[in-house]
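Colleague: I would like to learn how to read a model like this one. Please take the features one by one.

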Amino acid sequence: MDAECAHIDIIYSSSSLRARRTAELIRDEREIGITESDELREINLGIWEGKSQSEVKELYPDHFHYFWNDPDRFSVQSSETFGEVSIRAINELKRIIEENQGKSILIVTHTVVVKLIMAYFEDRPLKDIWNPPYIHPACLSKVVITNNEPNIILHGDVKHYKEEPITG
């Protein structure tokens, strides 16, 4: 899929600055509206915010393990749970789809939200959320919905990258 040539009727973006900027870069000079949504923001990691992954792993080893291996049990002070993020993101997804029947919709969001949305379409349990594919920055996922049935065309696709992505 060539993102530059893809037909897009409307763009929804997380209200975070980096997602909005990505949406603007994709839109380029095309006359397409961008609607920001707080419901598409990345998971709030509470007291983990601003810390490196190595700091979090050292300070909160059990919670770090839950985040990556048992997401149902993940919770740290002031954070959202995966379940809470899933509810807000999937409800927003359903609203967007309902309000834009027959349109080509681009959603610009973040890794955890992409994983949860795609898990919804795959009927993937939360415990398997981190199974491949890996969600790289600016990767593409495409779902075509016909008669309320999702058909996953792309999932974490990086063919548009000029260099091979580095996986962690």
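**The aromatic cluster and other features**

Modeller: Trp48, Tyr60, Phe67, Trp68, Phe74, Phe82 and Trp130 form one aromatic cluster. The model is predicted, so to speak of local features a pLDDT of at least 70 is needed, side-chain atom pairs count only at pLDDT 80 or more, and totals for chains, interfaces and linings use all residues. Residues are numbered from 1 along each chain as its sequence is written, and side-chain values use heavy atoms, with hydrogens and water left out.

Colleague: How is a pair of aromatic rings described?

Modeller: A pair of aromatic rings is described by the distance of the centres and the angle of the planes. Rings of Phe, Tyr and Trp (for Trp, the six-membered ring) pair if their centres lie within 6.5 Å; planes under 30 degrees apart count as stacked, over 60 as edge-to-face and the rest as tilted. By this rule the count comes to eleven aromatic pairs. In one of them, the ring centres of Phe74 and Phe82 are 5.9 Å apart and the planes stand at 75°, so the pair is edge-to-face.

Colleague: Are Phe74 and Phe82 buried or exposed?

Modeller: Both Phe74 and Phe82 are buried. Buried means under 20% relative accessible area, exposed means over 50%, and partly exposed is in between, with a 1.4 Å probe and protein chains only. For Phe82 the relative accessible area is 0%, hence buried.

Colleague: What is the arrangement of the rings of Phe82 and Trp130?

Modeller: Their centres are 6.2 Å apart and their planes are at 90°, so Phe82 and Trp130 are an edge-to-face pair. This pair links distant parts of the chain, 48 residues apart: Phe82 is in helix H4, and Trp130 is in the loop between H5 and strand S4 (140-146). Trp130 has a relative accessible area of 21% and is partly exposed. Helices (H or I, at least four residues) and strands (E, at least two) are DSSP runs, numbered from the N terminus.

Colleague: At what angle do the axes of helix H4 and helix H5 cross?

Modeller: Axes are lines fitted to C-alpha atoms, for helices over the stretch in contact, and angles run from 0 to 180 degrees between N-to-C directions. The axes of H4 (residues 82-99) and H5 (residues 111-122) cross at roughly 70° and come within 9 Å. Angles under 35 degrees count as roughly parallel, over 145 as roughly antiparallel, 65 to 115 as roughly perpendicular and the rest as oblique. H4 and H5 are therefore roughly perpendicular to each other. A crossing is left-handed if the near helix is turned anticlockwise from the far one by less than a right angle, and right-handed if clockwise. The crossing of H4 and H5 is right-handed.

Colleague: Which residues of H4 and H5 meet?

Modeller: Contact means heavy atoms within 4.5 Å. On the H4 side are Phe82, Val85, Ser86, Ala89, Ile90, Leu93, Lys94 and Ile97; on the H5 side are Val112, Val113, Leu116, Ile117, Tyr120 and Phe121. The residues of this contact divide into twelve nonpolar, one polar and one charged. Here Ala, Val, Leu, Ile, Met, Phe, Trp, Tyr, Cys and Pro count as nonpolar, Asp, Glu, Lys and Arg as charged, and the others, Gly among them, as polar.

Colleague: Which residues does His155 touch?

Modeller: Not counting residues up to four places away in sequence, His155 touches Met118, Glu122, Arg124, Pro133, Ile135, Leu140 and Ser141. His155 is in strand S5 and is buried, with a relative accessible area of 17%. From His155 to Ile135 there are 20 residues in sequence and 8.3 Å in space, C-alpha to C-alpha.
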